[in-house]
Amino acid sequence: MKKYILFLIIIHSISACGNKNNVENDENKEDSLNEKNVSQDEINTTQNSEITTYFLIRHAEKMRDNPKEEDPNLSPKGFERAKKWVAYFENTKINKLYVTKYVRTQQTVEPLAEQKSLEMTIYNPNDFDLKTFLAETKGENIVIAGHSNTIPEFVNSLIGEEKFQDMADNDNSTLFVVTINGSDKKVETITVN
């Protein structure tokens, strides 16, 4: 009888060890799966960081009282539009702001620069290294302010096709959104009133 009880104790102990190993193996499998999930999250984050979004706008309405003025300020309506851009981008992370040397593009973006605590970078649309720009802005959200003839040209350069013509002189509300993810390039036009 003692041998039988001893035999049962040994069998039970072996069984308990086996169950413990199974539990540990299950936990190890779960840990391994969690590590795979973390790795997948990291991969997804890396892939998302490769997506670059460019928001291209024309400067807001300018003063037109002196046709000979080459660098006019924004009109009161233009300053109101600048505030609308701030409201539009309020919940959007913006990494960089690009403006031309003209006062009207800078005044258009200045309230947004204040809201986002960003400096404005001046660019020359006639002397612009697109390849360097694309490399320096990869994975970011960029706002670019320009002019009726330079913004459509910039969009065309970004997407690699001649799709857009000059904007109408009274068009200060069109937003071009260019998204680049690897070789995939998309453009959307939105009217922001």
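The crossing of α2 and α3 is right-handed, a crossing being right-handed if the near helix is turned clockwise from the far one by less than a right angle, and left-handed if anticlockwise. The contact, defined as heavy atoms within 4.5 Å, is made by Phe 79, Ala 82, Trp 85 and Val 86 of α2 and by Gln 107, Thr 108, Pro 111, Leu 112 and Gln 115 of α3. By class, this contact of α2 with α3 comprises six nonpolar, three polar and no charged residues, where Ala, Val, Leu, Ile, Met, Phe, Trp, Tyr, Cys and Pro count as nonpolar, Asp, Glu, Lys and Arg as charged, and the others, Gly among them, as polar. Helix α2 (residues 76–88) packs against α3 at an angle of about 35 degrees, with the axes 8 Å apart; axes are lines fitted to C-alpha atoms, for helices over the stretch in contact, and angles run from 0 to 180 degrees between N-to-C directions.

The model is predicted: local features require pLDDT of at least 70 and side-chain atom pairs count only at pLDDT 80 or more, whereas totals for chains, interfaces and linings use all residues. Residues are numbered from 1 along each chain as its sequence is written, and side-chain values use heavy atoms, with hydrogens and water left out. Helices (H or I, at least four residues) and strands (E, at least two) are DSSP runs, numbered from the N terminus.

Six strands form an open sheet in the order β3-β2-β4-β1-β5-β6, with mixed pairing; two strands pair if DSSP finds at least two bridges between them. The edge strands are β3 and β6 (184–191), each of which pairs on one side only. From one strand to the next, the twist averages 20 degrees. Helix α3 packs on the sheet and touches β1, β2, β3 and β4, its direction making about 165 degrees with that of β2.

Strand β4 (residues 141–146) pairs in the parallel sense with β1 (residues 51–58) over six bridges, and Gly 146 of β4 is the bridge partner of Arg 58. Three bridges join β4 to β2 (residues 96–99), again in parallel, with Leu 97 opposite Val 143. Strands β5 (residues 174–181) and β6 pair in the antiparallel sense over eight bridges, Phe 176 having Thr 189 of β6 as bridge partner.

Ser 117 lies in the loop between α3 (103–116) and β3 (120–122). Although not a glycine, Ser 117 has a positive phi of about 55 degrees; the residue is exposed, with a relative accessible area of 65%.

How values were computed: Buried < 20%, exposed > 50% of the residue type's maximum accessible area, 1.4 Å probe, protein only.
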